[in-house]
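Trainee: I would like to learn how to read a sheet and a pocket. Please take them in turn.

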Amino acid sequence: MHQNKLFNQTQLKLAAWYASVMGLILSICGIAVYLHMEQTYIQAIDQEVQTLAGTLHDSLEPVLEQPGQLNAAVKQTLPGICLGTTPCKPSIPDSHIHVLGINNRDPYYVRFLTVSSQLLATVNTPPQVNISPQGETWQTIVDRQGQRYHQFSILLKTSTGQPWGYLQVGRSLSGYHNHLDSLKVFLILGLPIAMLLIGGASWWLAGLAIQPVYDSYQQVQQFTADAAHELRTPLAAVQATVESTLEVEDLTLPEAQMTLQTIERQNRRLSQLVHDLLMLSRIDFNALSMKQQICCLNDVVNDLVEELAAVAITAQVSLTTEFKSDQPLYVMGDEEQLYRLITNLMINAIHYSMPEGLIIVRLLKEDQAAILQVQDFGVGIAPKEQSRIFDRFYRVNRDRSRQTGGAGLGLAIAQAIVKAHHGSIRVQSQVGQGSLFTVRLPLK
Ligand code: ADP
């Protein structure tokens with residue numbers, strides 16, 4: 001469950017939609033399976049009845065002599081045959097004379113009729129409903145108990161070609177109905193159980209689908225809160241300075257200048273913050289117009305070592321470069337952004353170094369990539385913090401970092417620039433030993 005009501009409602013709605021659609025699909029599939037089984041089963045029954053009728057027809061016709069008369073050869077072919085209308089016990093089939101095995105097929109029956117539809121003989125007990133055959137036909141019969149039968153009638157001829165009478169082969173449909181009934185029960189009971197399972201799975205899947213949205217929503221919320229907090233600090237400082245200055249009755253020029261300096265400093269901080277935020281959001285939305293120019297990393301590093309020399313002297317640290325490749329390294333990208341990237345890393349290295357510390361900016365070539373390393377031997381970063389320092393507004397030691405003037409956006413911007421240049425950035429660090437930031441950029 002999420003803390004936000006909107007997300008819980010959305011998850012519920014998603015799950016309900018998913019479960020409804022799945023339920024509908026499942027019901028349609030269930031009905032389709034039922035209809036298909038019904039069709040296939042009845043076809044199989046009809047085919048079996050027809051095959052049996054055809055086999056009997058083919059084996060009896062050569063031995064039939066007088067129309068409407070059953071001779072010994074017929075009785076030999078069908079040992080369980082009962083003459084007339086009275087039902088009789090079928091004789092135990094003799095394996096030598098038993099040809100068709102109809103006696104063992106309980107749901108089947110056979111009926112012999114004269115051409116004028118008078119009953120001559122039966123095999124097994126047929127339904128007590130007589131329907132006159134009209135040529136070669138299929139009939140569905142319902143007896144007094146409501147049992148249904150499928151029956152096939154065929155005209156028999158004597159060996160001389162005269163019409164002999166009718167042969168009717170039928171089968172009870174009770175097995176077929178039992179089978180379909182159990183399928184219906186299975187589907188009707190199975191559907192609610194399946195719906196319960198689908199409901200659970202839908203809730204879980206909707207949760208999975210909504211989680212990334214929820215995470216980014218939380219990130220945005222956190223970002224907004226952090227940004228507001230960072231903006232409030234300089235604004236509050238300006239407000240306090242102005243208020244205390246207004247209370248002074250005879251404001252001297254040095255006092256006024258001090259106030260203005262404070263306001264100017266806080267204003268600069270505010271502009272820097274707004275600039276950084278704007279840049280991050282533009283990188284996020286790919287709206288930053290990144291120039292595609294050939295940039296020499298050696299030149300950028302040399303320039304920055306020169307530019308930051310004064311800052312390094314103030315912090316009492318020395319800056320050195322190590323270029324380990326014979327050739328200068330060129331990458332494709334926006335020179336201004338690359339300056340910003342390396343500046344952020346070098347400024348951090350200066351800020352988090354001890355006095356008398358050393359900072360090495362290294363350039364080397366590895367496969368088809370330019371590797372830039374900024375190494376310091378300063379305070380270092382604890383392992384659990386290392387994965388978080390690239391987050392926006394994240395500062396390891398909030399109070400100490402605030403003294404350096406950073407808002408915790410420097411590494412987030414560095415990472416965004418590296419990503420925009422299709423590269424990668426990582427940190428290796430040990431508390432008290434120092435940090436090594438490695439940037440990998442594809443070579444031109
Ligand atoms: P900030 O503006 O606070 O420096 P960054 O995004 O540049 O923000 O850095 C985030 C945090 O990572 C810093 O607050 C600092 O604690 C830590 N950090 C960055 N670079 C170094 C470094 N070279 N040595 C030690 N800690 C560092």
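Mentor: We begin with the sheet and then turn to the pocket. The model is predicted, so local features need pLDDT of at least 70 and side-chain atom pairs pLDDT 80 or more, while totals for chains, interfaces and linings use all residues. Residues are numbered from 1 along each chain as its sequence is written, and side-chain values use heavy atoms, with hydrogens and water left out.

Trainee: What is the order of the strands in the open sheet?

Mentor: Strands of a sheet pair through backbone hydrogen bonds, either parallel or antiparallel. Here 5 strands follow the order S8-S10-S11-S13-S12, with mixed pairing. Strands are DSSP runs of E (at least two residues), numbered from the N terminus, and two of them pair if DSSP finds at least two bridges between them. S8 (318-323) and S12 (424-430) are the edge strands, each with a single partner, so one side of each has no neighbour in the sheet.

Trainee: How many bridges join S8 to S10?

Mentor: There are 6, and the two strands run parallel; Leu 319 stands opposite Ile 359 in S10.

Trainee: Which residues lie nearest the centre of the second largest pocket?

Mentor: Rolling a probe the size of a water molecule over the atoms shows where empty space is left. A pocket is an open set of points on a 1 Å grid over the protein atoms alone, where a 1.4 Å probe fits, with protein on both sides within 12 Å along at least five of seven lines; lining residues have an atom within 4 Å of a point. Gln 219, Phe 223, Leu 280, Asp 284 and Arg 392 lie nearest the centre, among 20 lining residues.

Note on methods: Helices (H or I, at least four residues) and strands (E, at least two) are DSSP runs, numbered from the N terminus.
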